[in-house]
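Let us read this model feature by feature, in question and answer.

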Amino acid sequence: MKFKIALLILLLGTAASPAAAQSSINQNGPYQVGVRATVLTDSARDNRQLQAYIWYPAQITKDAKPPYAPDSSGAPYPLIIYSHGYGQAASEASANFKRWVSQGFVVAAVDHHDPSANQRWVSFINRPLDILFLLNQLADLNDSVLDGIIDMEKVGILGASMGGYTAIAVSGARVDPAHFLEW
C-alpha cells in the first residue's frame with residue numbers, strides 16, 4: 001500500500017477500539033506500552049536517514065525484555081502519526097503517546113532534520129515527505145514483532161507548531177512554494 005500526500009484522510013474516531021470505547025482518552029487505558037526505535041533510510045532522497053519510533057500496545061511481563069511482544073487482543077489498532085515542532089524531537093510528547101497507546105492506538109513519529117533558521121524553507125518540503133515515507137514504511141512493515149498490529153485504514157496525523165503545518169500539508173493542504181522561497 002502506497003500513500004499519496006493529497007489523499008491522506010484523517011479517520012480516527014472517538015472509539016478506536018473496544019478498550020478506547022470504555023474509557024476517557026485523557027486517562028490511562030488497559031494496554032501496556034512498548035516502543036520500538038529504528039532508523040529508516042529513504043533511498044529516493046539521497047539516503048536520508050530518519051530516526052523513527054513506534055509506540056504500541058504491548059504484553060509486558062516481569063521477565064520480558066524489549067522489544068516487547070505486541071498485545072494483539074485488540075489488533076489491528078488505529079495509527080496516530082505525530083510530527084514534532086521545529087528543532088524538537090519525536091519524543092517531545094511521549095507522555096501523551098503512552099496514554100493514547102494505553103487506550104488502544106499505535107503512535108509513530110520520526111525525528112525531522114530541521115536545518116538552521118536561514119534554511120527553514122527546506123523543512124516545508126522535507127517534513128511532509130518524511131511523514132509520507134514513514135507511512136509507506138509502516139504499510140510495508142516486515143517486522144516480526146509488529147506485523148499485523150497497525151490498522152493502515154484508520155490513520156490520523158497531528159503535530160505541534162511546525163508539526164501542525166506538516167500535518168495539514170500531509171492531509172492535502174495546498175502550499176504556495178513562492179511564498180516560502182521569499183520567506
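This is a predicted model: local features need pLDDT of at least 70, side-chain atom pairs count only at pLDDT 80 or more; totals for chains, interfaces and linings use all residues.

Q: How many residues of α4 are buried?
A: Buried means under 20% relative accessible area, exposed means over 50%, and partly exposed lies in between, with a 1.4 Å probe and protein chains only. Seven of the nine residues of α4 are buried, so the helix is mostly covered. They are Met162, Gly163, Tyr165, Thr166, Ala167, Ala169 and Val170.

Q: What do the buried residues of α4 pack against?
A: Contact means heavy atoms within 4.5 Å. The partners are β4 (77–83), α3 and β6 (150–159).

Q: How do I read the packing of α3 and α4?
A: Two packed helices are described by the angle between their axes and the distance between the axes. Axes are lines fitted to C-alpha atoms, for helices over the stretch in contact, and angles run from 0 to 180 degrees between N-to-C directions. Here α3 (residues 121–139) and α4 (residues 162–170) pack at about 65 degrees, with axes 9 Å apart.

Q: Is the crossing of α3 and α4 left-handed or right-handed?
A: A crossing is left-handed if the near helix is turned anticlockwise from the far one by less than a right angle, and right-handed if clockwise. This one is right-handed.

Q: Which residues meet where α3 packs on α4?
A: From α3 come Ser123, Phe124, Arg127, Pro128 and Ile131. They meet Met162, Gly163, Tyr165, Thr166, Ala169 and Val170 of α4. By class, this contact has seven nonpolar, three polar and one charged residues. Ala, Val, Leu, Ile, Met, Phe, Trp, Tyr, Cys and Pro count as nonpolar, Asp, Glu, Lys and Arg as charged, and the others, Gly among them, as polar.

Q: Which residues of α2 are buried, and what covers them?
A: Phe97, Trp100, Val101 and Ser102 are the buried residues of α2. Their cover includes β1, β2 (48–59), β4, β5 and β6. Ser102 sits in α2 (residues 94–102) and has a relative accessible area of 3%. Beyond its neighbours within four places in sequence, Ser102 contacts Gln27, Asn28, Gly29, Pro30, Tyr31 and Val33.

Q: What comes after α2?
A: Gly104 follows α2, with a positive phi near 110 degrees. Gln103 lies in the loop between α2 and β5 (106–110). Gln103 is buried, at 0% relative accessible area.

Q: How do I read an aromatic pair?
A: A pair of aromatic rings is described by the distance of the centres and the angle of the planes. Rings of Phe, Tyr and Trp (its six-membered ring) pair if their centres lie within 6.5 Å; planes under 30 degrees apart count as stacked, over 60 as edge-to-face and the rest as tilted. The count comes to six aromatic pairs. Tyr31 and Tyr77 have ring centres 5.4 Å apart and planes at 80 degrees, so this pair is edge-to-face. The pair links distant parts of the chain: Tyr31 is in the loop between α1 (18–21) and β1 (32–42), Tyr77 is in β4, and they are 46 residues apart. Both are buried.

Q: Which residues form an aromatic cluster?
A: Tyr53, Trp55, Tyr82, Phe97 and Trp100 form one.

Q: Is Ser161 buried or exposed?
A: Ser161 counts as exposed, at 67% relative accessibility. Its phi is positive, near 55 degrees, in a residue other than glycine. Ser161 lies in the loop between β6 and α4.

How values were computed:
Residues are numbered from 1 along each chain as its sequence is written. Side-chain values use heavy atoms; hydrogens and water are left out. Helices (H or I, at least four residues) and strands (E, at least two) are DSSP runs, numbered from the N terminus.
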